[in-house]
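Open the structure in your viewer and have the selection tool ready. The tour goes from one selection to the next and says what is there.

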Amino acid sequence: MLLREKQRIPLKIKRMGINGEGIGFYKKTLVFVKGALKGEEVYCQVTQVQKNFVEAKILSVNKSSKFRVQPACPIYEACGGCQIMHLRYDKQLEFKTDLLRQALKKFQPRGYEAYDIRPTIGMDKPVHYRAKLQFQTRSFGGSVKAGLYAEGSHRLIDIKDCLVQDKLTQDIINSTVRLLDKHKVPIYNERKVAGVRTVMVRRAVATDQVQMIFVTSKAVRLTGVITDLTTAYPEIKTVAINLNTSKSSEIYGEQTEIVWGQETIQEEVLDYGFALSPRAFYQLNPQQTNVLYGEAVKALDVTADDDLIDSYCGVGTIGFAFADKVRSIRGMDIIPEAIADARQNAAAMGFDNTYYEAGKAEDIIPKWYASGYRATALVVDPPRTGLDDRLLDTVLRYAPEKMVYVSCNVSTLARDLVKLSEVYEVKYIQSVDMFPHTARTEAVVKLQKKEC
């Protein structure tokens, strides 16, 4: 390795990497430069030297990309929540399509060179799209702040006006911070003080209903805060407290108790409504969720004779898009509250062809098959870690005729396609921009079982 820390070098950026960073080569050494764009010529300083690559920071941009724009967010560089706001939006969409190609080239699932990778579907107005926030709370100089940790650090960035966050949820968290100060509520820190550590605010866009969770490391008195909040914001329908005494980075503990208001809020997607309990998962971008689920329906192309498994079903949202089109739906999720919501949602919509069970898909699916159940269609929407190895083996063992994989991580998707492509043909991949200005994208993959 010829390069050393603090060394200053000129660099031409050849492409962009999976985290939105610029990538170039200096005397055959791979260099990653945060904030640099494809085609730019930059002068940078090495910050870290690794075995096979180095990281560097920009000192100056000597030749700027014509697609570079001034980020509209004043804390863009400090926050790190968004990575590519300095890239013009139409080029962000092209970058996200390229992310899929990069991941496929790295893992090389069977026949990947010929995959039909469709252009990323973006938003007309890619701002204020996040309907849920989870801000950390800390006390500085006797004053409460709320926001996100700066990238790669434990330094809290105080966020009062996030460009991608729903405006109502931002207003509520700003008021919450003032009220935590007003009512002298203990605020958590890592060393010795126990108290409120995280606040979650989620808005159901279709109904304007809001739910909140206060995550705290000890019992705290929130009566005054809740009274003031619910008086100021009639949209708030649910307030819960989650107890998390762990020192880990996990946001939630196991115990969640609703202390004010109703059990759930009502949201809608496509042509149906459903209930959400505070801990249940739902997509962060409701507008694009309509697009994403619409693409999943199109890709799976079910008939009235199909029996569908909705793996990682959550509160049932993807599965409900198929419920009036198939013979039966079975779903599972590891969060019992989500399964309870799924059952209630199905009953409320009048579906009598659904069945939901709490547990791991890799345990439940073999049990169903042992009892004689057979699925002809499968939809999976796993977390960023992708499919569990045991679930992947289970899918390959039973191999329903058609499958849709909804992915939020192109790397784990490409990894999983290595095995899936042994049994399934990849018909196409359609990416959907669920997270504008970030280096993340969502993808819907249409898979068809190969003929023997």
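Start with the loop between strand 20 (402-407) and helix 10 (410-423), where Cys-408 is found. Keep in mind that this is a predicted model. The unreviewed UniProt entry lists Cys-408 under "active site".

Is Cys-408 buried or exposed? Cys-408 counts as buried because its relative accessible area is 12%, and the cut-off for buried is under 20%.

Next, select what Cys-408 touches. Apart from neighbours within four places in sequence, its contacts are Pro-382, Pro-383 and Arg-384, together with Arg-440, Thr-441 and Glu-442.

Now turn to the aromatic rings. A search of the whole structure gives 10 aromatic pairs. For one of them, select Tyr-369 and Tyr-373: the ring centres are 6.4 Å apart and the planes stand at 90 degrees, so this pair is edge-to-face. The cut-off for that label is over 60 degrees. Tyr-369 is buried, at 7% relative accessible area, and Tyr-373 is buried too, at 9%.

The charged end of Arg-330 sits over the Tyr-373 ring, 4.1 Å from the ring centre.

For another charge over a ring, select Lys-91 and Phe-67. Lys-91 lies over the face of Phe-67, and the distance to the ring centre is 4.4 Å.

Which residues form one aromatic cluster? Select Tyr-272, Phe-274, Tyr-282, Phe-320, Phe-351 and Tyr-356 to show it. The tour stops here.

Notes
Residues numbered from 1 in each chain as written. Predicted model: local features only at pLDDT ≥ 70, side-chain atom pairs only at ≥ 80, totals over all residues. Heavy atoms only, no water. UniProt positions renumbered as here; feature names shortened; annotations may be inferred. Helix = DSSP H or I, 4+ residues; strand = E, 2+ residues; numbered from the N terminus. Buried < 20%, exposed > 50% of the residue type's maximum accessible area, 1.4 Å probe, protein only. Contact = heavy atoms within 4.5 Å. Phe/Tyr/Trp six-rings, centres within 6.5 Å; stacked < 30°, edge-to-face > 60°. Lys NZ or Arg CZ within 6 Å of the ring centre and 35° of its normal.
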